[in-house]
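Dear colleague,

Please find below the structure that I am handing over to you. My notes on what was found in it follow.

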Amino acid sequence: MELYLLLIIVGVAFVTLAAILRRYRRCPSDKILVIYGKTGHRSSARCIHGGAAFIWPVFQDFAYLDLKPISIECNLQNALSKQNIRVDVPCRFTVGIGTEPEVMTNAAERLLGLHPDGIQNIATDILFGQLRLVIATMDIEEINSDRDKFLASVSANVEAELRKIGLKLINVNVTDIRDESGYIEALGKEAAAKAINDAKKSVAEQNRYGETGKAVADKDTRVNVAAADADAVKGENNARIEIANSDALRRQKTAEADRIAVAAEKVQAAKALQEAYQSERDAEMARAEREKATQQANIVVAAEIDKQKKIIEAEAEAEQLRRKAKGEADAIYAKMDAQARGTLEILSKQAEGFGQLVSAAGGDAQQAITMLITDKLPELVKTQVEAVKGINIDKVTVWDGGKGENGKTATANFVSGLMGSVPPLEELFKMAGMSLPGYLKGEAAKEAPAEEVKSEE
């Protein structure tokens with residue numbers, strides 16, 4: 001039971017650890033991890049760029065935002081300029097989801113779950129609107145000749161609007177600008193015609209005034225050209241100064257935003273790294289506990305089971321031996337008890353018969369014993385006869401010298417000696433502590449002749 005409980009605890013711990021590891025999410029460098037639900041922040045979602053985070057089950061869920069750039073072609077047509085001249089401005093914008101905390105939050109709130117085509121459609125609408133707005137505030141000459149100013153205006157307006165939905169402007173590329181009225185083309189032709197006319201005027205003045213006029217014309221031309229060049233240079237310098245100031249301000253703002261973003265990213269990365277280390281530490285501790293439990297289950301529990309098995313086997317063997325010994329003892333006891341009962345029964349019957357025999361003999365125990373022996377006398381005689389019955393005498397040779405004594409021959413002495421080797425009944429009775437009755441010893445026969453002699457006298 002303890003082993004099963006330990007295995008259940010280990011299984012539950014392993015399943016819990018696996019579930020925890022599945023809820024630990026790492027964010028790739030080209031994506032933003034958005035954690036929504038109960039985030040504990042003031043915003044509706046917590047955004048992580050790089051690093052990792054633990055997603056609490058039930059209370060939280062997650063999704064990813066792709067940071068890959070999106071190229072959008074905006075071929076703006078019939079846009080009304082400041083001079084009420086409609087122009088066509090073909091542009092290509094490159095945008096992407098920003099990694100600043102505020103921009104990431106906006107993207108999580110407005111773009112999460114949208115397909116890239118849907119994001120591109122939303123951005124296209126914003127780009128078209130802002131592009132029309134910028135063109136409406138500029139002359140065609142500025143749009144055509146001062147591309148840096150045009151691009152700076154477009155970037156400033158578009159960037160602010162894109163940030164509201166979580167996007168960032170990466171690049172703007174403007175190709176040739178065209179107008180339906182041919183104004184831009186006329187400006188080119190005007191400049192060319194003006195140059196041609198100035199040249200013709202100079203030639204005419206030279207022809208009319210001669211060398212002096214030519215010199216004056218040359219002087220005026222040089223002065224006018226220098227003045228025009230100076231004005232052009234001055235205008236270009238002023239424009240460049242404004243662009244440089246705008247660029248400096250933009251770069252300053254961008255650097256400040258980048259600094260804040262980098263600091264925030266580093267803080268988030270440090271927090272994510274700290275959480276990752278803590279999770280790894282918890283995971284290693286859980287793994288160590290699991291390894292310890294596994295070793296204990298494999299070694300200690302197995303040894304304990306083997307020990308209990310051997311104890312049970314030894315107790316079973318001892319119980320078997322005890323039962324076998326008890327059975328053998330019971331069998332011996334039953335056998336001895338049966339033998340004792342049989343012997344007791346035999347002796348009891350013999351004693352009962354002997355008591356009856358003594359009663360029949362008038363209470364004389366010696367007479368009763370004599371009666372028992374008398375009853376066994378045929379068997380005794382049979383035994384004596386059997387003693388010489390088995391003797392096989394093939395041939396007997398007797399040498400008789402004729403000197404018989406008491407009328408006995410040598411043959412008679414041999415037979416008499418052979419019978420004398422048989423134990424006499426009287427000796428048997430003496431060995432039993434009794435005396436043979438007189439009628440068995442021949443005393444009655446001896447007394448009879450004496451009485452007859454007396455009667456004859």
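Threonine 105 is found in helix α2; helices (H or I, at least four residues) and strands (E, at least two) are DSSP runs, numbered from the N terminus. Please bear in mind that this is a predicted model, in which local features need pLDDT of at least 70 and side-chain atom pairs count only at pLDDT 80 or more, while totals for chains, interfaces and linings use all residues. Residues are numbered from 1 along each chain as its sequence is written, and side-chain values use heavy atoms, with hydrogens and water left out.

Is threonine 105 buried or exposed? Its relative accessibility is 19%, so threonine 105 counts as buried (buried means under 20% relative accessible area, exposed over 50%, partly exposed in between, with a 1.4 Å probe and protein chains only). When neighbours within four places in sequence are left aside, threonine 105 is in contact with Ser43 and Cys47, where contact means heavy atoms within 4.5 Å.

Helix α2 (residues 101-110) lies across β2, β3 and β5 and runs at about 125 degrees to β3. For such angles, axes are lines fitted to C-alpha atoms, for helices over the stretch in contact, and the values run from 0 to 180 degrees between N-to-C directions.

These three strands form an open sheet in the order β3-β2-β5, with antiparallel pairing; two strands pair if DSSP finds at least two bridges between them. Because β3 (45-48) and β5 (60-66) stand at the edges, each with a single partner strand, one side of each is left without a neighbour in the sheet. On average, neighbouring strands of this sheet are turned by 25 degrees against each other, direction ignored.

Strand β2 (residues 31-37) pairs with β3 over four bridges, and leucine 33 stands opposite isoleucine 48 in β3. Seven bridges join β2 to β5, where leucine 65 in β5 is the bridge partner of isoleucine 32.

**The protein overall**

The protein has 11 helices and nine strands. Of its 457 residues, 21% are buried. Among contacts between residues at least 6 apart in sequence, 65% join residues at least 24 apart.

With kind regards
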